[in-house]
Amino acid sequence: MLSLLGSGRWYGVDLSKRLTSAGLIASEGTLYPLLSRMRNAGLVETEWVEADAGRRRRYYELTDAGRDHLEAFRDVWVPLSAAVDEFMEA
Amino acid sequence: MSDRPVWPEPVSRYLESVRREIASLPAGYRDDVLSGIEAHLTDSLADGLDPSEVMAALGTPDSLAGQAFEQYHQETASRPAYFTPRRIAQLVAFALMIAGLIFALVFPVSTEFRGDAEGVTEVIRHTQLEDRGPIVFAVGALFLVLAGVPLLLRGRAWRRTSIFLTVVLAVFAVAVSMVSTIGVLLAAATAVVALFLPARQNGRLHPPVAARTALLPPG
């Protein structure tokens, strides 16, 4: 989820569809409590953006703290995931 | 949202149901979750999707509420707790310090005999304050600050400050013991805190633990 948001600005519907199809969240709606929590933690910020024909869309993106958190996670995840792969192959 | 959308009947019933399920969550968090879901519905319906399909993909109000409560509890659980055994030890020590100060101000510790050759005519008992003067306040205030500051802190700052202040407290308690019996009480209070001082935490987390915690945003 941090990784997805790390790639740029997302709006809720797209983000929830991506995460659901990847099997990371059970249903599209469960994204929103997670986003609210990340927002409370200061990792994500949200913004209403004027879209076409006067419609407004709510976008989410990582804050600087969120980016730091993502970096910290990558530092742990990449070697860990490589180690697990190695065990799985053995 | 500024312009409140008019929802089709099933959608408004769905939202009402979600709202009811998470009604007991704090307002800020609850409204944020709801506004995210409303935005999702607005956008999806504006894209011409079928409301019942959109709602089915969102999940039942029950499962959304379950997720909302879980996230909320994880967030509150990851916050450092205020009352830990160590903190309680510090509270006990702080209470002992206050008791010591009251003792110094109120209870007589020395006895003066006045009289003449005929014998003792007057027995006057003095408190610490009377014997030593206003310095009793100064020493008392110093101890209250030393014991009180850690009670106001949490997390890492708390640990470092507690260790430092306990050492200072111990030094002063020994010094006061040399000139006053109250020092014994202060030393006892210091010992209570020192017994519960946090051990040095391991700086590095075991990788799987680190990975698990990194998956979740910090509280």
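Read along the sequence, chain A of this predicted model follows the pattern α-β-α-α-β-β-α. Four helices and three strands make up this chain. For chain B, the corresponding pattern is α-α-α-α-α-β-β-α-α-α-α-α, with 10 helices and two strands. The table sets out the overall values for each chain.

| Chain | Residues | Buried residues | Contacts joining residues at least 24 apart, among those between residues at least 6 apart in sequence |
|---|---|---|---|
| Chain A | 90 residues | 30% | 39% |
| Chain B | 219 residues | 26% | 59% |

**The sheet of chain A**

The three strands of chain A form an open sheet in the order 1-3-2, and their pairing is antiparallel. Strand 1 (10–11) and strand 2 (44–50) of chain A are the edge strands, each pairing on one side only. Two bridges join strand 1 of chain A to strand 3 (residues 56–62) of chain A in the antiparallel sense. Through one bridge, A:Y11 has A:Y59 of strand 3 of chain A as its partner. Helix 3 of chain A packs on this sheet, where it touches strand 2 and strand 3 of chain A. The direction of helix 3 of chain A makes about 110 degrees with that of strand 2 of chain A.

A:L62 is a residue of strand 3 of chain A. Because 23 C-beta neighbours lie inside 10 Å, A:L62 counts as buried. Leaving aside residues up to four places away in sequence, A:L62 touches A:L2, A:L5, A:G6, A:L43, A:V44, A:R67 and A:L70. One of these, A:V44, belongs to the residue range of strand 2 of chain A (44–50). A:L62 and A:W10 are 52 residues apart along the chain, and their C-alpha atoms are separated by 9.7 Å.

**The hairpin of chain B**

In chain B, strand 1 (residues 108–116) and strand 2 (residues 119–127) are the two strands of a hairpin. Two residues lie between strand 1 and strand 2 of chain B. The two strands pair in the antiparallel sense over eight bridges. Within this pairing, B:R114 stands opposite B:E122 of strand 2 of chain B.

Strand 1 of chain B is hardly covered, since the count of buried residues among its nine residues is zero. Strand 2 of chain B also has nine residues, and the number buried is zero, so strand 2 lies largely in the open.

**The contact between the chains**

The contact between the chains takes 28 residues from chain A and 26 residues from chain B. On the side of chain B that touches chain A, the elements giving two or more residues are helix 2, helix 3 (51–58), helix 4 (61–77) and helix 10 (207–215) of chain B. Helix 2 of chain B supplies the largest share of that side, 10 residues. By residue class, the side of chain B that touches chain A divides into 15 nonpolar, eight polar and three charged residues.

Helix 2 (residues 27–46) of chain B packs with helix 3 (residues 31–40) of chain A at an angle of about 130 degrees, and the axes of these helices are 9 Å apart. The two helices are therefore oblique to each other. Their crossing is right-handed. From helix 3 of chain A, the contact is made by A:Y32, A:P33, A:L35, A:S36, A:R39 and A:N40. From helix 2 of chain B, the contributing residues are B:Y29, B:D32, B:V33, B:G36 and B:I37. The residues of this helix contact divide into six nonpolar, three polar and two charged.

Terms used:
Residues numbered from 1 in each chain as written. Chains lettered and ligands numbered in written order. Predicted model: local features only at pLDDT ≥ 70, side-chain atom pairs only at ≥ 80, totals over all residues. Axes fitted to C-alpha atoms, helices over the stretch in contact; angles between N-to-C directions. Parallel < 35°, antiparallel > 145°, perpendicular 65-115°, else oblique. Left-handed = near helix turned anticlockwise from the far one by under 90°. Contact = placed C-beta atoms within 7 Å. Nonpolar A, V, L, I, M, F, W, Y, C, P; charged D, E, K, R; others polar. Pairing = 2+ DSSP bridges. Buried ≥ 20, exposed ≤ 12 C-beta atoms within 10 Å, placed from the backbone.
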